[in-house]
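Welcome to a short tour, to be followed with your viewer open. Please load the model below and keep the selection panel at hand.

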Amino acid sequence: MRAVAEEPFTFNPFDPEHRRDPYALFARARREHPVFRHDGLPVSSVFLHADCQAILRDPKTWSSMFPTPPGFAPEDVPRSMLVTDPPEHARLRGLVSQAFTPKRVRELVPRIEAIAQQLLDDALARREVDLVDALTYPLPVIVIAEMIGVPAEDRARFKTWSDALVAPLGSIFFAEPSQEMIDEQRRIRAELEEYFVRLVEDRRRSPKDDLLTGLVQAELEGSRLAFDELLAMLILLLVAGNETTTNLIGNAALELLAHPDALTAVRADPSLTAAAVEEVLRFSSPIQMDPRIATRDVTVQDVTIPAGEFALCWIGSANRDGTVFERADTFDVRREKQSHLAFGFGPHYCLGASLATLEAEIAVRVLLQRTRRFARVDQEPLPLHPSIVFRGVTRLPVRLEPA
Ligand code: HEM
(Lines give C-alpha, C1' and ligand atoms only; values in the text may rest on other atoms or scores of the structure.)
Protein backbone atom coordinates (compact mmCIF):
# COMPACT_ATOMS: atom_id res chain seq x y z
CA MET A 1 0.00 0.00 0.00
CA ARG A 2 1.25 3.48 -0.81
CA ALA A 3 1.65 5.77 2.15
CA VAL A 4 -0.54 8.81 1.69
CA ALA A 5 1.40 11.92 2.63
CA GLU A 6 -0.56 13.89 5.20
CA GLU A 7 -1.65 17.33 4.06
CA PRO A 8 0.26 20.18 5.68
CA PHE A 9 -1.54 21.31 8.83
CA THR A 10 -3.87 24.23 8.52
CA PHE A 11 -6.70 25.41 10.73
CA ASN A 12 -9.76 27.16 9.36
CA PRO A 13 -12.35 27.43 12.15
CA PHE A 14 -15.03 28.48 9.63
CA ASP A 15 -14.80 25.29 7.54
CA PRO A 16 -18.30 23.74 7.86
CA GLU A 17 -16.90 20.20 7.88
CA HIS A 18 -14.52 21.07 10.70
CA ARG A 19 -17.32 22.74 12.64
CA ARG A 20 -19.50 19.63 12.47
CA ASP A 21 -16.70 17.41 13.80
CA PRO A 22 -13.66 19.38 14.93
CA TYR A 23 -12.08 16.71 17.13
CA ALA A 24 -9.72 14.91 14.75
CA LEU A 25 -8.20 18.21 13.66
CA PHE A 26 -8.01 19.43 17.27
CA ALA A 27 -6.13 16.22 18.16
CA ARG A 28 -3.65 16.77 15.33
CA ALA A 29 -3.26 20.42 16.37
CA ARG A 30 -2.44 19.38 19.95
CA ARG A 31 0.21 16.96 18.63
CA GLU A 32 1.79 19.06 15.90
CA HIS A 33 0.82 22.72 16.36
CA PRO A 34 -0.28 23.31 19.95
CA VAL A 35 -0.02 27.01 19.13
CA PHE A 36 -0.91 27.87 15.53
CA ARG A 37 -0.21 31.29 14.03
CA HIS A 38 -2.84 32.26 11.48
CA ASP A 39 -1.03 33.44 8.37
CA GLY A 40 -1.05 37.19 7.88
CA LEU A 41 -3.28 37.84 10.90
CA PRO A 42 -2.42 39.06 14.42
CA VAL A 43 -4.04 35.89 15.73
CA SER A 44 -2.81 32.57 17.20
CA SER A 45 -4.94 29.57 18.11
CA VAL A 46 -4.08 27.71 21.34
CA PHE A 47 -5.14 24.06 21.68
CA LEU A 48 -3.69 22.51 24.87
CA HIS A 49 -5.60 22.44 28.16
CA ALA A 50 -2.59 23.64 30.18
CA ASP A 51 -1.93 26.61 27.88
CA CYS A 52 -5.60 27.67 27.71
CA GLN A 53 -5.87 27.47 31.50
CA ALA A 54 -2.64 29.44 32.03
CA ILE A 55 -3.83 32.18 29.67
CA LEU A 56 -7.32 32.48 31.16
CA ARG A 57 -6.01 32.66 34.74
CA ASP A 58 -3.56 35.51 34.03
CA PRO A 59 -5.37 38.76 33.16
CA LYS A 60 -2.17 40.83 33.64
CA THR A 61 -0.54 39.13 30.66
CA TRP A 62 -3.73 38.29 28.79
CA SER A 63 -6.26 41.08 28.76
CA SER A 64 -9.99 40.95 28.00
CA MET A 65 -10.00 44.65 27.00
CA PHE A 66 -10.31 44.18 23.28
CA PRO A 67 -9.80 47.26 21.13
CA THR A 68 -12.88 48.64 19.38
CA PRO A 69 -13.09 46.73 16.08
CA PRO A 70 -12.41 48.75 12.91
CA GLY A 71 -15.48 50.69 11.77
CA PHE A 72 -17.06 50.76 15.24
CA ALA A 73 -17.07 53.75 17.61
CA PRO A 74 -16.26 53.05 21.29
CA GLU A 75 -19.88 53.86 22.22
CA ASP A 76 -21.08 51.09 19.87
CA VAL A 77 -19.41 48.52 22.10
CA PRO A 78 -20.37 49.20 25.72
CA ARG A 79 -17.99 47.72 28.30
CA SER A 80 -19.49 44.86 30.24
CA MET A 81 -17.60 42.83 32.88
CA LEU A 82 -16.78 40.31 30.14
CA VAL A 83 -14.52 42.81 28.39
CA THR A 84 -12.87 44.54 31.35
CA ASP A 85 -9.79 43.65 33.39
CA PRO A 86 -9.23 43.75 37.16
CA PRO A 87 -9.86 45.93 39.15
CA GLU A 88 -12.70 47.41 37.02
CA HIS A 89 -13.90 43.89 36.42
CA ALA A 90 -14.49 43.14 40.12
CA ARG A 91 -16.58 46.30 40.58
CA LEU A 92 -18.95 45.33 37.75
CA ARG A 93 -19.12 41.63 38.61
CA GLY A 94 -19.65 42.41 42.31
CA LEU A 95 -22.86 44.27 41.51
CA VAL A 96 -24.67 41.12 40.41
CA SER A 97 -22.63 38.20 41.74
CA GLN A 98 -24.86 37.73 44.81
CA ALA A 99 -27.76 36.71 42.60
CA PHE A 100 -25.78 33.85 41.06
CA THR A 101 -24.25 32.08 44.07
CA PRO A 102 -24.98 28.33 44.22
CA LYS A 103 -27.20 28.94 47.27
CA ARG A 104 -29.34 31.62 45.62
CA VAL A 105 -29.56 29.56 42.46
CA ARG A 106 -30.77 26.50 44.41
CA GLU A 107 -33.74 28.57 45.63
CA LEU A 108 -34.87 28.72 41.99
CA VAL A 109 -35.28 24.92 41.67
CA PRO A 110 -39.09 24.83 42.11
CA ARG A 111 -39.63 27.62 39.60
CA ILE A 112 -37.27 26.12 36.98
CA GLU A 113 -38.91 22.74 37.48
CA ALA A 114 -42.39 24.24 37.00
CA ILE A 115 -41.32 25.98 33.77
CA ALA A 116 -39.78 22.75 32.44
CA GLN A 117 -42.94 20.76 33.27
CA GLN A 118 -45.14 23.34 31.55
CA LEU A 119 -42.94 23.30 28.43
CA LEU A 120 -43.09 19.49 28.35
CA ASP A 121 -46.91 19.58 28.74
CA ASP A 122 -47.09 21.78 25.64
CA ALA A 123 -44.53 19.72 23.71
CA LEU A 124 -46.20 16.39 24.52
CA ALA A 125 -49.54 17.73 23.35
CA ARG A 126 -47.90 18.13 19.94
CA ARG A 127 -45.69 15.00 19.94
CA GLU A 128 -43.48 16.24 17.11
CA VAL A 129 -41.62 19.43 18.00
CA ASP A 130 -38.48 21.40 17.37
CA LEU A 131 -36.80 20.85 20.74
CA VAL A 132 -35.01 24.21 20.47
CA ASP A 133 -38.28 26.03 20.08
CA ALA A 134 -40.15 23.89 22.62
CA LEU A 135 -37.59 23.55 25.44
CA THR A 136 -33.95 24.51 25.02
CA TYR A 137 -34.55 28.17 24.15
CA PRO A 138 -37.60 29.09 26.27
CA LEU A 139 -36.39 27.52 29.54
CA PRO A 140 -33.24 29.62 30.11
CA VAL A 141 -34.75 32.77 28.68
CA ILE A 142 -37.83 32.64 30.93
CA VAL A 143 -35.60 32.06 33.97
CA ILE A 144 -33.21 34.93 33.29
CA ALA A 145 -36.02 37.29 32.24
CA GLU A 146 -37.75 36.66 35.58
CA MET A 147 -34.48 37.16 37.50
CA ILE A 148 -33.72 40.45 35.75
CA GLY A 149 -37.34 41.55 35.88
CA VAL A 150 -38.11 41.91 32.18
CA PRO A 151 -41.40 40.52 30.80
CA ALA A 152 -40.80 36.89 29.73
CA GLU A 153 -43.52 37.38 27.09
CA ASP A 154 -41.03 39.53 25.16
CA ARG A 155 -38.82 36.49 24.62
CA ALA A 156 -39.30 36.32 20.86
CA ARG A 157 -37.79 39.82 20.66
CA PHE A 158 -34.87 38.82 22.93
CA LYS A 159 -34.15 35.95 20.59
CA THR A 160 -34.08 38.18 17.52
CA TRP A 161 -31.73 40.59 19.28
CA SER A 162 -29.56 37.94 20.82
CA ASP A 163 -29.18 35.94 17.57
CA ALA A 164 -28.19 39.08 15.70
CA LEU A 165 -25.68 40.17 18.38
CA VAL A 166 -23.85 36.86 18.61
CA ALA A 167 -23.89 35.70 14.95
CA PRO A 168 -20.70 37.59 14.02
CA LEU A 169 -18.82 36.75 17.27
CA GLY A 170 -15.41 35.35 16.50
CA SER A 171 -15.37 36.47 12.86
CA ILE A 172 -13.96 39.81 13.96
CA PHE A 173 -10.55 38.15 14.55
CA PHE A 174 -10.33 36.96 10.96
CA ALA A 175 -11.80 39.74 8.82
CA GLU A 176 -12.76 43.40 9.08
CA PRO A 177 -16.48 43.76 9.72
CA SER A 178 -18.57 44.76 6.71
CA GLN A 179 -20.46 48.05 6.78
CA GLU A 180 -23.66 46.03 6.72
CA MET A 181 -22.65 44.16 9.86
CA ILE A 182 -21.67 47.40 11.63
CA ASP A 183 -25.01 49.01 10.76
CA GLU A 184 -26.93 45.92 11.90
CA GLN A 185 -25.06 45.81 15.24
CA ARG A 186 -25.75 49.53 15.79
CA ARG A 187 -29.43 49.08 15.00
CA ILE A 188 -29.81 46.18 17.45
CA ARG A 189 -28.04 48.06 20.23
CA ALA A 190 -30.27 51.10 19.66
CA GLU A 191 -33.37 48.90 19.90
CA LEU A 192 -32.11 47.22 23.06
CA GLU A 193 -31.29 50.58 24.59
CA GLU A 194 -34.75 51.91 23.85
CA TYR A 195 -36.29 48.76 25.33
CA PHE A 196 -34.28 48.88 28.55
CA VAL A 197 -34.51 52.65 29.07
CA ARG A 198 -38.24 52.34 29.59
CA LEU A 199 -37.82 49.52 32.12
CA VAL A 200 -35.08 51.43 33.97
CA GLU A 201 -37.33 54.46 34.26
CA ASP A 202 -40.07 52.26 35.59
CA ARG A 203 -37.84 50.84 38.37
CA ARG A 204 -36.63 54.31 39.32
CA ARG A 205 -40.26 55.18 40.05
CA SER A 206 -41.35 51.86 41.53
CA PRO A 207 -38.61 49.51 42.79
CA LYS A 208 -39.26 45.75 42.78
CA ASP A 209 -37.47 42.69 44.07
CA ASP A 210 -35.38 41.97 40.96
CA LEU A 211 -31.90 42.39 39.49
CA LEU A 212 -32.95 45.39 37.44
CA THR A 213 -33.96 47.31 40.57
CA GLY A 214 -30.63 46.49 42.22
CA LEU A 215 -28.75 47.79 39.20
CA VAL A 216 -30.89 50.94 38.95
CA GLN A 217 -30.14 51.65 42.62
CA ALA A 218 -26.40 51.26 42.00
CA GLU A 219 -26.75 53.59 39.03
CA LEU A 220 -28.64 56.18 41.11
CA GLU A 221 -25.77 56.22 43.59
CA GLY A 222 -23.78 57.43 40.59
CA SER A 223 -20.31 56.42 41.56
CA ARG A 224 -20.95 52.68 41.31
CA LEU A 225 -22.51 52.23 37.90
CA ALA A 226 -22.74 54.51 34.89
CA PHE A 227 -25.82 54.31 32.70
CA ASP A 228 -24.01 52.76 29.73
CA GLU A 229 -22.49 50.15 32.08
CA LEU A 230 -25.96 49.31 33.32
CA LEU A 231 -27.13 48.76 29.77
CA ALA A 232 -24.09 46.65 28.93
CA MET A 233 -24.77 44.50 32.00
CA LEU A 234 -28.41 43.93 31.07
CA ILE A 235 -27.51 43.01 27.51
CA LEU A 236 -24.74 40.66 28.69
CA LEU A 237 -27.03 38.84 31.14
CA LEU A 238 -29.83 38.50 28.63
CA VAL A 239 -27.52 37.25 25.87
CA ALA A 240 -24.80 35.32 27.78
CA GLY A 241 -27.29 33.24 29.65
CA ASN A 242 -29.43 32.23 26.73
CA GLU A 243 -27.39 31.22 23.73
CA THR A 244 -25.07 29.11 25.84
CA THR A 245 -27.62 27.28 27.96
CA THR A 246 -29.81 26.60 24.93
CA ASN A 247 -26.78 24.95 23.32
CA LEU A 248 -25.95 22.98 26.47
CA ILE A 249 -29.44 21.47 26.72
CA GLY A 250 -29.53 20.79 22.96
CA ASN A 251 -26.07 19.21 23.01
CA ALA A 252 -27.15 17.06 25.97
CA ALA A 253 -30.15 15.77 23.98
CA LEU A 254 -27.92 15.09 20.95
CA GLU A 255 -25.18 13.28 22.89
CA LEU A 256 -27.71 11.12 24.74
CA LEU A 257 -29.30 10.19 21.40
CA ALA A 258 -25.88 9.46 19.92
CA HIS A 259 -24.93 7.27 22.92
CA PRO A 260 -27.90 4.96 23.63
CA ASP A 261 -26.08 3.19 26.50
CA ALA A 262 -25.61 6.51 28.26
CA LEU A 263 -29.26 7.38 27.65
CA THR A 264 -30.39 4.05 29.12
CA ALA A 265 -28.12 4.53 32.13
CA VAL A 266 -29.39 8.04 32.90
CA ARG A 267 -33.01 6.97 32.41
CA ALA A 268 -32.51 4.07 34.82
CA ASP A 269 -30.68 6.20 37.40
CA PRO A 270 -31.65 9.90 37.31
CA SER A 271 -28.98 10.61 39.96
CA LEU A 272 -26.52 10.37 37.05
CA THR A 273 -28.04 13.47 35.42
CA ALA A 274 -25.65 15.95 37.07
CA ALA A 275 -22.58 13.99 35.96
CA ALA A 276 -24.09 13.58 32.49
CA VAL A 277 -24.50 17.36 32.15
CA GLU A 278 -20.87 17.89 33.28
CA GLU A 279 -19.77 15.37 30.66
CA VAL A 280 -21.75 17.19 27.94
CA LEU A 281 -20.03 20.43 29.00
CA ARG A 282 -16.67 18.74 28.46
CA PHE A 283 -17.44 16.56 25.47
CA SER A 284 -19.55 19.01 23.43
CA SER A 285 -18.67 22.40 24.93
CA PRO A 286 -21.30 25.07 24.16
CA ILE A 287 -18.54 27.72 24.05
CA GLN A 288 -15.69 26.52 21.90
CA MET A 289 -13.37 29.49 21.98
CA ASP A 290 -12.36 32.16 24.52
CA PRO A 291 -10.15 34.99 23.21
CA ARG A 292 -7.55 37.17 24.98
CA ILE A 293 -5.11 39.87 23.90
CA ALA A 294 -1.41 39.81 24.86
CA THR A 295 -0.29 42.79 26.97
CA ARG A 296 3.40 42.01 26.26
CA ASP A 297 5.36 39.65 24.02
CA VAL A 298 4.67 36.16 25.37
CA THR A 299 6.05 32.81 24.30
CA VAL A 300 3.60 29.91 24.49
CA GLN A 301 5.13 26.54 23.60
CA ASP A 302 7.73 27.78 21.09
CA VAL A 303 5.61 30.48 19.49
CA THR A 304 6.00 34.13 20.44
CA ILE A 305 2.75 36.06 20.48
CA PRO A 306 3.63 39.76 20.25
CA ALA A 307 1.98 42.40 22.48
CA GLY A 308 -1.36 43.47 21.03
CA GLU A 309 -2.02 40.17 19.24
CA PHE A 310 -4.83 37.74 20.01
CA ALA A 311 -4.70 34.26 21.52
CA LEU A 312 -7.82 32.19 20.80
CA CYS A 313 -8.13 29.55 23.51
CA TRP A 314 -9.94 26.59 21.93
CA ILE A 315 -11.94 25.25 24.88
CA GLY A 316 -13.38 22.57 22.59
CA SER A 317 -9.86 21.20 22.10
CA ALA A 318 -8.66 21.69 25.69
CA ASN A 319 -11.60 19.61 26.89
CA ARG A 320 -10.46 16.66 24.77
CA ASP A 321 -6.81 16.88 25.88
CA GLY A 322 -5.69 13.32 26.64
CA THR A 323 -3.05 14.49 29.12
CA VAL A 324 -5.87 15.73 31.37
CA PHE A 325 -8.79 13.41 30.61
CA GLU A 326 -8.53 9.64 30.42
CA ARG A 327 -10.25 8.30 27.28
CA ALA A 328 -10.86 11.92 26.33
CA ASP A 329 -12.88 11.03 23.22
CA THR A 330 -15.25 8.73 25.12
CA PHE A 331 -18.58 10.14 26.29
CA ASP A 332 -18.80 8.78 29.83
CA VAL A 333 -21.67 9.87 32.06
CA ARG A 334 -19.96 8.23 35.03
CA ARG A 335 -16.78 10.30 34.76
CA GLU A 336 -15.86 11.43 38.24
CA LYS A 337 -13.15 14.05 38.06
CA GLN A 338 -14.00 16.97 35.81
CA SER A 339 -11.57 19.81 35.19
CA HIS A 340 -13.05 21.00 31.93
CA LEU A 341 -12.78 24.62 30.84
CA ALA A 342 -16.33 24.84 29.47
CA PHE A 343 -17.11 27.78 31.79
CA GLY A 344 -13.70 29.39 31.32
CA PHE A 345 -11.18 29.76 34.15
CA GLY A 346 -9.87 32.49 36.47
CA PRO A 347 -11.47 35.87 37.16
CA HIS A 348 -13.94 35.67 34.25
CA TYR A 349 -15.11 32.16 35.18
CA CYS A 350 -18.73 32.01 34.09
CA LEU A 351 -20.93 33.89 36.52
CA GLY A 352 -23.92 31.79 35.47
CA ALA A 353 -22.25 28.37 35.77
CA SER A 354 -24.40 27.14 38.68
CA LEU A 355 -27.56 28.44 37.06
CA ALA A 356 -26.78 26.95 33.65
CA THR A 357 -25.89 23.54 35.09
CA LEU A 358 -29.03 23.48 37.19
CA GLU A 359 -31.25 24.45 34.26
CA ALA A 360 -29.71 21.75 32.08
CA GLU A 361 -30.03 19.12 34.82
CA ILE A 362 -33.70 19.93 35.31
CA ALA A 363 -34.37 20.06 31.56
CA VAL A 364 -32.77 16.65 30.97
CA ARG A 365 -34.40 15.06 34.02
CA VAL A 366 -37.89 16.32 33.13
CA LEU A 367 -37.47 15.41 29.45
CA LEU A 368 -36.54 11.82 30.38
CA GLN A 369 -39.17 11.56 33.11
CA ARG A 370 -42.00 12.71 30.87
CA THR A 371 -41.08 10.63 27.81
CA ARG A 372 -40.81 6.92 27.28
CA ARG A 373 -38.80 7.62 24.17
CA PHE A 374 -37.57 10.61 22.24
CA ALA A 375 -35.90 10.43 18.84
CA ARG A 376 -34.79 12.55 15.91
CA VAL A 377 -37.53 12.93 13.29
CA ASP A 378 -35.02 12.31 10.48
CA GLN A 379 -31.26 12.04 10.07
CA GLU A 380 -30.84 15.24 8.03
CA PRO A 381 -27.79 17.29 9.09
CA LEU A 382 -28.94 19.89 11.61
CA PRO A 383 -28.27 23.61 11.10
CA LEU A 384 -25.27 24.74 13.17
CA HIS A 385 -25.05 27.88 15.26
CA PRO A 386 -23.76 30.61 12.93
CA SER A 387 -20.86 31.73 15.15
CA ILE A 388 -17.56 29.82 15.49
CA VAL A 389 -17.61 30.67 19.21
CA PHE A 390 -20.56 28.36 19.83
CA ARG A 391 -21.21 24.67 19.40
CA GLY A 392 -24.86 23.77 19.00
CA VAL A 393 -27.73 23.41 16.58
CA THR A 394 -30.41 25.98 15.88
CA ARG A 395 -33.13 23.43 15.15
CA LEU A 396 -33.67 19.93 16.54
CA PRO A 397 -36.89 18.23 15.33
CA VAL A 398 -37.82 15.31 17.62
CA ARG A 399 -40.72 12.93 18.15
CA LEU A 400 -41.75 12.50 21.78
CA GLU A 401 -43.57 9.47 23.18
CA PRO A 402 -45.17 10.24 26.55
CA ALA A 403 -44.11 8.14 29.56
C1 HEM B 1 -23.93 26.29 29.40
C2 HEM B 1 -24.05 27.51 29.64
C3 HEM B 1 -22.93 28.49 29.72
C4 HEM B 1 -21.64 28.38 29.27
C5 HEM B 1 -20.98 27.21 28.53
C6 HEM B 1 -20.97 29.60 29.62
C7 HEM B 1 -19.65 29.86 29.36
C8 HEM B 1 -18.97 30.97 29.79
C9 HEM B 1 -17.56 31.20 29.60
C10 HEM B 1 -16.59 30.27 28.88
C11 HEM B 1 -17.27 32.40 30.16
C12 HEM B 1 -15.88 33.02 30.26
C13 HEM B 1 -15.67 34.14 29.30
C14 HEM B 1 -14.28 34.69 29.40
O15 HEM B 1 -13.35 34.01 29.87
O16 HEM B 1 -14.06 35.83 28.96
C17 HEM B 1 -18.50 32.94 30.69
C18 HEM B 1 -18.62 34.15 31.32
C19 HEM B 1 -19.81 34.67 31.72
N20 HEM B 1 -21.04 34.03 31.75
FE21 HEM B 1 -21.44 32.19 31.10
N22 HEM B 1 -21.86 30.43 30.26
C23 HEM B 1 -23.06 29.78 30.36
C24 HEM B 1 -24.23 30.23 30.94
C25 HEM B 1 -24.37 31.44 31.54
C26 HEM B 1 -25.56 31.93 32.19
C27 HEM B 1 -26.85 31.15 32.39
C28 HEM B 1 -25.30 33.20 32.60
C29 HEM B 1 -26.14 34.19 33.35
C30 HEM B 1 -27.37 34.34 33.31
C31 HEM B 1 -23.94 33.50 32.22
C32 HEM B 1 -23.30 34.69 32.46
C33 HEM B 1 -21.98 34.91 32.24
C34 HEM B 1 -21.33 36.17 32.55
C35 HEM B 1 -22.00 37.41 33.12
C36 HEM B 1 -19.97 36.02 32.21
C37 HEM B 1 -18.86 37.06 32.35
C38 HEM B 1 -18.15 36.80 33.63
C39 HEM B 1 -16.99 37.73 33.82
O40 HEM B 1 -16.55 38.38 32.84
O41 HEM B 1 -16.54 37.85 34.95
N42 HEM B 1 -23.40 32.42 31.59
N43 HEM B 1 -19.52 32.05 30.46
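Predicted model: local features only at pLDDT ≥ 70, side-chain atom pairs only at ≥ 80, totals over all residues.

Begin with the shell around the ligand: α4, α12 (227–258) and β5 (289–294) each supply at least two of its residues. Helices here are DSSP runs of H or I with at least four residues, strands are E runs of at least two, and both are numbered from the N terminus.

Residues are numbered from 1 along each chain as its sequence is written, and side-chain values use heavy atoms, with hydrogens and water left out.

**Stop 1: the iron atom**

Select Cys350, in the loop between α15 (315–318) and α16 (353–370). Its SG is the only protein donor of the ligand's iron atom, at 2.3 Å. Donors are N, O and S atoms within 2.8 Å of the metal (3.2 Å for Na, K and Ca); water is not among the atoms, so sites may look incomplete.

**Stop 2: around the ligand**

Now show the 25 residues around the ligand, of which His89, Arg93, Asp290, His348 and Cys350 come nearest; a residue is near if one of its heavy atoms lies within 4 Å. Which classes make up this shell? There are 15 nonpolar, seven polar and three charged residues.

At Met81, a polar backbone atom is 3.5 Å from an oxygen atom of the ligand.

**Stop 3: Ser80**

Move to Ser80, in the loop between β3 (62–63) and α4 (88–96). Is Ser80 buried or exposed? Ser80 counts as buried because its relative accessibility is 8%; the cut-offs are under 20% for buried, over 50% for exposed and partly exposed in between, with a 1.4 Å probe and protein chains only. Leaving aside residues up to four places away in sequence, Ser80 touches Leu92, Ala232 and Leu236, contact meaning heavy atoms within 4.5 Å.

**Stop 4: Gln185**

Finish in helix α10 (residues 179–205), where you will find Gln185. Beyond four places in sequence, Gln185 touches Phe72, Ala164, Leu165 and Pro168.

Definitions and conventions. Polar contact = N/O pair within 3.5 Å; in protein donor to acceptor, adjacent residues only side chain to side chain. Nonpolar A, V, L, I, M, F, W, Y, C, P; charged D, E, K, R; others polar.
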